[in-house]
Amino acid sequence: PAYHIRGSVKLYSPLPRQTFVMLRRRNGDRSPGAFQGVDVKKDGTFDIIGVPAGSYTLELLPLRDSSTGRMPLDVTGRDVSGVKPPSVPQFDIKGRARIEGDGVPQTLFGVKLHIDWLDWYPFNFASNASPAADGTFVFPTKPAGVYVISLAPESDLYIQSISYNQREVEDGRLDLSNGVSGDVDIVLGTGTGQVEGTVHWPDAVPGAPPPPLPPGAAAVLVSASGVTGNTGARSADIDQSGHFQFRFVPPGRYFVFVSPQFDEGLWQNIDFVQQIRDGGVSVDVSKKGSATTEVPVLTNDDLRHAIEKVPR
C-alpha cells in the first residue's frame with residue numbers, strides 16, 4: 001500500500017524560481033534513491049504520491065532563493081493531509097570570537113572556524129570563516145537546521161564555549177531550525193594536550209615485528225560525551241611500529257579506537273560510538289596534559305555489528 005502526503009508551504013515575495021518539497025527516510029540514508037518529492041505549486045500546495053508507510057523527514061530543498069525547513073513525519077495506514085512544513089528564508093550566521101588565555105597574548109590571525117549542517121541532504125552547506133581583527137565573522141546564506149561550529153586542531157586553541165543569544169549552546173549544537181534571531185559568541189581557550197598510543201596485539205610474539213594492519217587502518221579519537229563543537233571525530237596515521245599521536249587535543253574525556261577504516265560521518269554518530277565503545281579505550285586529557293594508551297584493533301565485523309544496533 002502507498003499513500004498521499006498533501007500540504008502547503010508559506011511562500012515569500014518575490015517568489016523563488018522553484019520550491020521543492022522532499023521526503024526521505026529517517027534513517028540517515030543519503031543514497032540517490034533515498035528520497036522522493038515534488039515541486040511546490042505557485043499557490044504553495046503540494047501532493048506527494050506513492051508513499052509507503054514509514055518514518056520520514058519532510059523538508060524543503062535549499063535551492064537558490066527558496067525557503068528552507070524540515071519536520072518529522074510518520075506515515076501509517078492512511079493518507080496524510082494538511083501538512084505545513086516550516087518555511088524559513090535562508091540567512092547569515094553572524095558572531096564574534098575571542099580568546100581567553102592564561103596571560104599569554106594571543107591573536108585571532110590565522111584562526112579558521114568551520115561550520116557543518118547536521119543531517120544534511122543532498123548539500124552539506126559546510127563552509128569556513130576567518131574572524132576579523134575585532135573577532136567578528138559571518139557564515140553567509142545558510143538553510144534552517146542544526147549546526148556545529150568547530151576549529152581545526154592546528155594550533156594550541158580550542159573552542160571553550162559557544163553562546164547564542166547569551167545562552168550557552170548545549171553540546172556545541174546550534175539549533176537554528178526556526179531561523180536566526182541573534183549573534184553567536186565563541187570563546188577560544190588555550191592549553192590543549194595530546195594523546196599518544198600503540199596498537200595492542202594480544203597474540204604478538206615478544207621481540208617479533210607486529211602483524212600488519214589492514215590497508216586504510218587508522219587511529220580514531222572521539223569525544224566520550226558526544227560534544228561535537230571541538231574536534232568531531234579525528235583520525236591519525238599509524239606507523240610501522242604501531243604508534244600514533246593526536247596533537248592539540250582540547251581538555252576532556254575521549255574514546256580511542258584502532259579501526260580498519262575511517263568513515264568520518266560514522267564516527268561522528270554518538271549512537272554508533274556508544275555501541276562500539278567496549279572495543280576502544282577511554283582516556284582523560286587535562287589542560288596541557290598528555291595521555292598514553294594501548295588500543296586493540298577493531299574488525300570490520302565489529303563495525304557492522306555496532307551499525308546494526310544503532311537506532312533508526
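Visitor: To begin, how much space lies in the second largest pocket?
Guide: The model is a predicted one. In it, the second largest pocket holds about 220 Å³ of space.

Visitor: Which residues lie nearest the centre of that pocket?
Guide: Those are Tyr12, Asp65, Ser66, Ser67 and Pro89, which belong to a lining of 14 residues.

Visitor: And what does that lining consist of by class?
Guide: Seven of the lining residues are nonpolar, six are polar and one is charged.

Visitor: Let us change topic. How many aromatic pairs does the structure hold?
Guide: There are eight aromatic pairs. One of them joins Trp117 and Phe125, with ring centres 5.5 Å apart.

Visitor: Why is that pair called edge-to-face?
Guide: The planes of the two rings stand at 90°, and planes over 60 degrees apart count as edge-to-face.

Visitor: Is Trp117 buried or exposed?
Guide: Trp117 is buried, because its relative accessibility is 3% and the limit for buried is under 20%.

Visitor: What about the pair of Phe257 and Trp267, how is it arranged?
Guide: That pair is tilted, with 4.8 Å from centre to centre and 45° between the planes. Both Phe257 and Trp267 are buried.

Visitor: Which parts does this pair tie together?
Guide: Phe257 belongs to strand β21, residues 252-259, and Trp267 to helix α1, residues 264-267, so the pair connects parts ten residues apart in sequence.

Visitor: Which residues are linked into a cluster by ring pairs?
Guide: The cluster consists of Phe255, Phe257, Trp267 and Phe272.

Definitions and conventions
Residues are numbered from 1 along each chain as its sequence is written. This is a predicted model: local features need pLDDT of at least 70, side-chain atom pairs count only at pLDDT 80 or more; totals for chains, interfaces and linings use all residues. Side-chain values use heavy atoms; hydrogens and water are left out. Rings of Phe, Tyr and Trp (its six-membered ring) pair if their centres lie within 6.5 Å; planes under 30 degrees apart count as stacked, over 60 as edge-to-face and the rest as tilted. Buried means under 20% relative accessible area, exposed over 50%, partly exposed in between (1.4 Å probe, protein chains only). Helices (H or I, at least four residues) and strands (E, at least two) are DSSP runs, numbered from the N terminus. On a 1 Å grid over the protein atoms alone, a cavity is a set of points where a 1.4 Å probe fits but cannot get out, and a pocket is an open set with protein on both sides within 12 Å along at least five of seven lines; lining residues have an atom within 4 Å of a point. Grid points are joined across faces, edges and corners, and a volume is the space filled by probe spheres set on the points. Ala, Val, Leu, Ile, Met, Phe, Trp, Tyr, Cys and Pro count as nonpolar, Asp, Glu, Lys and Arg as charged, and the others, Gly among them, as polar.
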